[in-house]
Amino acid sequence: MSNTDVGHSIETIFSAGEILSRLQVLAQEIAAKRPENLLVVPILKGSFVFAADLLRALHAAGIAPEVDFLTLSSYRKSRSSSGQVSILRDLDLDVQQRHVILIDDVLDSGRTLAFAKDLISARGAAKIETCVLLDKRAARAVSIEPDYCAFTCPDVFVVGYGMDVGHRYRELPFVGRLVD
Ligand code: IMP
Ligand code: MG
């Protein structure tokens with residue numbers, strides 16, 4: 001358990017070492033399918049650390065994708081989903097006829113990834129897959145399963161490894177549970 005200077009305690013759920021070794025396996029899984037014309041799309045902001053490590057693991061596994069970013073918002077400042085997903089910043093690249101892998105930090109209600117899948121599909125992608133760091137299965141509001149998932153996660157609010165509460169704790173190298 002680590003204490004922070006703004007009065008939160010954070011209990012580690014997945015350590016930095018655990019995450020990195022799991023990502024090697026995930027990258028091998030993706031590489032084994034020999035993806036062609038691959039475009040990797042991290043959904044910002046929460047997935048930036050996960051995506052950075054996964055992309056380097058993919059490189060080590062011999063995969064050379066193009067990368068573009070999509071910034072979506074559903075959480076805003078609160079800890080629970082507003083239910084409304086909106087595009088804050090769109091992709092630069094055309095996805096037509098491409099194999100797209102969407103990367104997200106947490107699959108929670110499922111609304112964010114379902115929205116992103118629909119968006120990319122409507123733009124004519126040839127194949128769309130999803131890859132998440134954490135799957136909070138118990139929190140699902142819409143029907144969606146990840147194609148690749150690093151860890152199944154209990155239905156608790158987590159921070160670190162890119163994930164925040166009020167823009168804090170993204171820098172932590174591990175995933176932790178916020179204990180008030
Ligand atoms: P969904 O649309 O409910 O599936 O929510 C997915 C998004 O909510 C993720 O991309 C995260 O950014 C955010 N989110 C969900 N759970 C957590 C959490 O425990 N900590 C931080 N962000 C979360
Ligand atoms: Mg997110």
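Is Gln97 buried or exposed? At 59% relative accessibility, Gln97 counts as exposed. Here buried means under 20% relative accessible area, exposed means over 50%, and partly exposed is in between (1.4 Å probe, protein chains only).

The views below come from a predicted model, in which local features need pLDDT of at least 70, side-chain atom pairs count only at pLDDT 80 or more, and totals for chains, interfaces and linings use all residues. Residues are numbered from 1 along each chain as its sequence is written, chains are lettered from A and ligands numbered from 1 in the order in which they are written, and side-chain values use heavy atoms, with hydrogens and water left out.

View 1. The shell around ligand 1 has 14 residues. A residue is near a molecule if one of its heavy atoms lies within 4 Å of it. Ser109, Gly110, Thr112, Lys136 and Val158 come nearest. By class, the shell holds five nonpolar, three polar and six charged residues. Nonpolar covers Ala, Val, Leu, Ile, Met, Phe, Trp, Tyr, Cys and Pro; charged covers Asp, Glu, Lys and Arg; the others, Gly among them, are polar.

**View 2. Polar contacts to ligand 1.** A polar contact is a pair of N or O atoms within 3.5 Å; within protein, one must be able to donate a hydrogen and the other to accept it, and residues adjacent in sequence count only if both atoms are side-chain atoms. An N or O atom in the side chain of Ser109 is 2.5 Å from an oxygen atom of ligand 1. For Thr112, a polar side-chain atom lies 2.5 Å from a ligand oxygen atom. Arg111 takes part through its backbone: an N or O atom there lies 3.5 Å from an oxygen atom of ligand 1. Taken alone, ligand 1 exposes 490 Å², and the protein buries 93% of that. Accessible areas come from the Shrake-Rupley method with a 1.4 Å probe; for residues, only the protein chains shown count as cover. The largest share, three residues, comes from β7. Helices (H or I, at least four residues) and strands (E, at least two) are DSSP runs, numbered from the N terminus.

**View 3. A stacked pair of rings.** Which residues form the aromatic pair? The count comes to one aromatic pair. Phe14 and Phe151 form it, stacked at 4.2 Å centre to centre with 20° between the planes. Rings of Phe, Tyr and Trp (its six-membered ring) pair if their centres lie within 6.5 Å; planes under 30 degrees apart count as stacked, over 60 as edge-to-face and the rest as tilted. Phe14 lies in strand β2 (residues 9–14) and Phe151 in strand β9 (residues 148–152), so the pair ties together parts that are 137 residues apart in sequence. Both Phe14 and Phe151 are buried.

**View 4. Ile19 in helix α1.** Ile19 sits in helix α1 (residues 16–32). Ile19 is buried, at 0% relative accessibility. Contact means heavy atoms within 4.5 Å. Not counting residues up to four places away in sequence, Ile19 touches Phe14, Leu133, Phe151, Tyr161, Pro173, Phe174 and Val175.

View 5. Tyr161 lies in the loop between β10 (158–159) and β11 (175–179). Its phi is near 50°, a positive value in a residue other than glycine. Tyr161 counts as buried at 3% relative accessibility. Gly162 has its place in that loop between β10 and β11. Gly162 is buried, with a relative accessible area of 0%. Leaving aside neighbours within four places in sequence, Gly162 is in contact with Gly46, Phe48, Val49 and Arg170. Gly162 and Phe48 are 114 residues apart in sequence but 6.0 Å apart in space, C-alpha to C-alpha. Asp53, in helix α2, is buried with a relative accessible area of 19%. Leaving aside neighbours within four places in sequence, Asp53 is in contact with Leu20, Leu23 and Tyr161.

**View 6. Backbone details in two loops.** The peptide bond from Leu44 to Lys45 is cis, with omega near 10°. Lys45 is found in the loop between β3 (38–44) and α2 (48–60). Gln97 is found in the loop between β6 (86–89) and β7. Phi of Gln97 is near 65°, a positive value in a residue other than glycine.
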